[in-house]
Amino acid sequence: NFLSAKLYSEEAACGSWINKWALKVFSVWSFHFVSQTIFDAFFGALVLFLTSKFIIDWKKSIAKQPWYAFILEVWNIMELGNLVTFFVVFWLRLTWSVDSARSHVELLYPARYPGALERLSNLYAAQGYANAVNTIITFLKFLKYIRLNDKLNLLTRTISKSKEELLGCLFIFAYIVFAFALTGHSIYGTNLFDFRHIPITFSTLSRILLGDYDYDAMVRVNMYLTGMFFWMYVVLGLFLMLNFLVAILLNNFGQL
């Protein structure tokens with residue numbers, strides 16, 4: 001195992017430099033991973049079997065409905081995403097293993113920094129990220145089998161019944177958050193750390209909806225626009241749109 005320690009600076013919107021640091025633990029493939037590699041091979045065979053089953057089911061459905069109808073089903077979208085993520089993980093793991101074998105990294109530090117370690121670190125981290133996404137998809141797929149029980153499938157039936165209204169409401173919600181993200185970055189981006197970039201501003205606005213915000217800091221930057229910005233966002237984003245989502249679910253739940 002290796003420990004990567006990075007010291008770097010981020011340039012904010014105002015032109016200032018923000019010093020940061022990051023620690024990352026990663027591994028380099030060696031003969032200690034042989035047993036894990038054998039397990040990966042068997043698991044890869046299982047994924048190929050599931051992929052062939054998915055393709056066969058798709059071909060059978062084409063005789064009864066348009067070819068795209070099968071793909072547009074929610075459970076099949078999850079299944080396809082699950083399989084694609086599995087193949088991405090296997091590609092990353094294979095690349096990581098081959099690059100590790102070619103790099104000949106030694107434990108003792110050479111005279112120059114081994115640049116191969118940076119690529120191996122990124123490949124190892126990417127495997128973890130892809131597996132994290134796949135874990136969520138896999139557990140969501142288990143909801144498919146809850147449909148077999150009338151008492152446990154209330155959630156899936158409610159969401160399925162209200163999916164069109166939910167998608168429309170979520171689109172409007174995302175549109176509102178995007179508009180306020182641009183506005184918040186314009187007002188506070190050069191002075192507040194939490195508004196320094198558009199993606200960071202999205203995260204900050206999400207935290208505001210959960211009650212995590214520093215209103216006093218926002219007032220110190222702009223005491224004239226903060227009240228209007230903050231309360232318009234809270235009223236539209238929290239009181240209106242989120243309650244609208246709850247109302248849609250409750251309305252369709254009552255019709256089951």
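## Burial and the model

A residue is called buried here when its relative accessible area is under 20%, exposed when that value is over 50%, and partly exposed in between. The model is a predicted one. With a relative accessible area of 0%, Tyr 188 is therefore buried, and Phe 195, at 3%, is buried as well.

## Aromatic pairs

The structure holds 15 aromatic pairs. One of them joins Tyr 188 and Phe 195, whose ring centres are 5.0 Å apart and whose planes meet at 45°, so the pair is tilted.

Another tilted pair is formed by Tyr 213 and Phe 230, with 4.9 Å from centre to centre and 55° between the planes. Because Tyr 213 lies in the loop between helix H8 (198-209) and helix H9 (215-221), while Phe 230 belongs to helix H10 (residues 226-254), this pair ties together parts that are 17 residues apart in sequence.

## A ring cluster and a charge over a ring

Tyr 188 and Phe 195 also take part in a cluster, in which ring pairs link them with Phe 180, Phe 229 and Tyr 233.

A contact of another kind involves Arg 196, whose charged end sits over the ring of Phe 193 at 3.8 Å from the ring centre.

Methods: Residues numbered from 1 in each chain as written. Predicted model: local features only at pLDDT ≥ 70, side-chain atom pairs only at ≥ 80, totals over all residues. Heavy atoms only, no water. Phe/Tyr/Trp six-rings, centres within 6.5 Å; stacked < 30°, edge-to-face > 60°. Buried < 20%, exposed > 50% of the residue type's maximum accessible area, 1.4 Å probe, protein only. Helix = DSSP H or I, 4+ residues; strand = E, 2+ residues; numbered from the N terminus. Lys NZ or Arg CZ within 6 Å of the ring centre and 35° of its normal.
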